[in-house]
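Thanks for coming. Please have a look at the model on the screen before I go through it.

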Amino acid sequence: AAKRARQGAVTYSPEIDKSSQKNLSLLSDMRAALERNQFQLWVQPKVSLHDYRLIGVEALVRWVHPERGMVFPDQFIPFAEQSGFIRSLTHWIMDQAAQTLKLWQAQDLVLKMSVNISTMDLMDQDLPQKFAAILDQYALATSQFCLEITESAIMDDPVRAHQTLDNLHAMGMDLSIDDFGTGYSSLAYLKQLPVNELKIDKSFVLKMDKDNADSRIVKSTIDLAHNMQLRVVAEGVENQQVMQLLRELGCDQVQGYFLSKPMPASQLTVWKQDWEQ
Ligand code: C2E
Ligand code: CA
Ligand code: CA
Ligand code: CA
């Protein structure tokens, strides 16, 4: 965030500025932004380490503010969660994600779309029906979606979260535990959840080519995931050495700046052509 501040992109910092006045204006700004189409769906490729093919993308929201420029999610998602606005935003993201998959499908490109879901979404018992309505509208299979949830989002209210996750999984959506390794949930609890994928947090991946402790953590997470019959994805892959190490350790998929930074969804097909050459 500090780097972005220097580039002139930082605008809101709800953590630092505790005045409710400012938060209120952020909330009304976000509401207006949704109506004025200032949010954009960006995507980042997820690639298989078995054959280096593009498997899917993660949807990452961006706010392009007319005066303030690009506002990154860490500057408004935490507040969107606190205020409950995240429910409207998640609905919009799911709709955009579905539209995007539909467009790609028309070009014979069938990919899996990973969407980030937060605690407030999981507390909404109608969420599975709302998602089902969107997929119905676009005639898309639920199996084209993966929902990324952090351990802390689940542990906020494990009973209710578990219920919603069971329902989403029963519809046919994949579930992924995001930022794996940074939370405090027990493996015994995670084992009961209908999870398909573990996503190793980038804090362990970024320097694993230089830091032995990190690479050992990554190795045991990969083994753990496979022992639990789960797919394992590493995020934060910034160089070739890390990608090679992950491949040797048996990791299934990678995501990170080495492959591509997040980009507007409309640029993905061009990226794919370059990548496959
Ligand atoms: P996340 O879900 O853990 O997403 C991964 C973040 O790591 C993204 O930041 C991505 O741009 C960044 N990243 C990807 N590859 C690399 C890499 O190689 N190196 C480094 N240093 N970073 C990498 P982004 O897009 O700024 O999003 C930050 C967080 O905001 C996300 O973390 C997620 O928690 C939240 N977020 C983003 N979009 C959404 C959304 O649509 N809905 C919700 N609920 N949360 C979102
Ligand atoms: Ca994520
Ligand atoms: Ca993550
Ligand atoms: Ca994260």
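This is a predicted model: local features need pLDDT of at least 70, side-chain atom pairs count only at pLDDT 80 or more; totals for chains, interfaces and linings use all residues.

Residues are numbered from 1 along each chain as its sequence is written, chains are lettered from A and ligands numbered from 1 in the order in which they are written, and side-chain values use heavy atoms, with hydrogens and water left out.

Where does ligand 1 sit? Ligand 1 is in the largest pocket. A pocket here is an open set of points on a 1 Å grid over the protein atoms alone, where a 1.4 Å probe fits, with protein on both sides within 12 Å along at least five of seven lines. To sit in one, a molecule needs more than half of its atoms within 2 Å of the grid points.

The shell elements that give two or more residues are β2 (54–65), α4 (86–106) and β6. Strand β2 gives the largest share, four residues. Helices (H or I, at least four residues) and strands (E, at least two) are DSSP runs, numbered from the N terminus.

In total, 22 residues surround ligand 1, and the closest are Q44, R62, K202, E238 and Y257. To count as near, a residue needs a heavy atom within 4 Å.

Now the polar contacts, meaning pairs of N or O atoms within 3.5 Å. A polar side-chain atom of Q44 is 3.0 Å from a nitrogen atom of ligand 1. The side chain of E58 has a polar atom 3.3 Å from an oxygen atom of the ligand, and for the D178 side chain the distance to a ligand oxygen is 3.1 Å.

D178 also takes us to the metals. Which residues coordinate the calcium ion (ligand 3)? They are D178, D179 and E235, at 2.2 to 2.6 Å. Donors are N, O and S atoms within 2.8 Å of the metal, or 3.2 Å for Na, K and Ca; water is not among the atoms, so sites may look incomplete. D179 in strand β6 and E235 in the loop between β8 (231–234) and α12 (240–248) are 56 residues apart.

D178 bridges this ion and the calcium ion (ligand 2), which lie 4.0 Å apart. D179 coordinates both ligand 3 and the calcium ion (ligand 4), at a separation of 3.8 Å. For ligand 4, the D179 donors are at 2.7 to 3.0 Å.

Definitions and conventions
A polar contact is a pair of N or O atoms within 3.5 Å; within protein, one must be able to donate a hydrogen and the other to accept it, and residues adjacent in sequence count only if both atoms are side-chain atoms. On a 1 Å grid over the protein atoms alone, a cavity is a set of points where a 1.4 Å probe fits but cannot get out, and a pocket is an open set with protein on both sides within 12 Å along at least five of seven lines; lining residues have an atom within 4 Å of a point.
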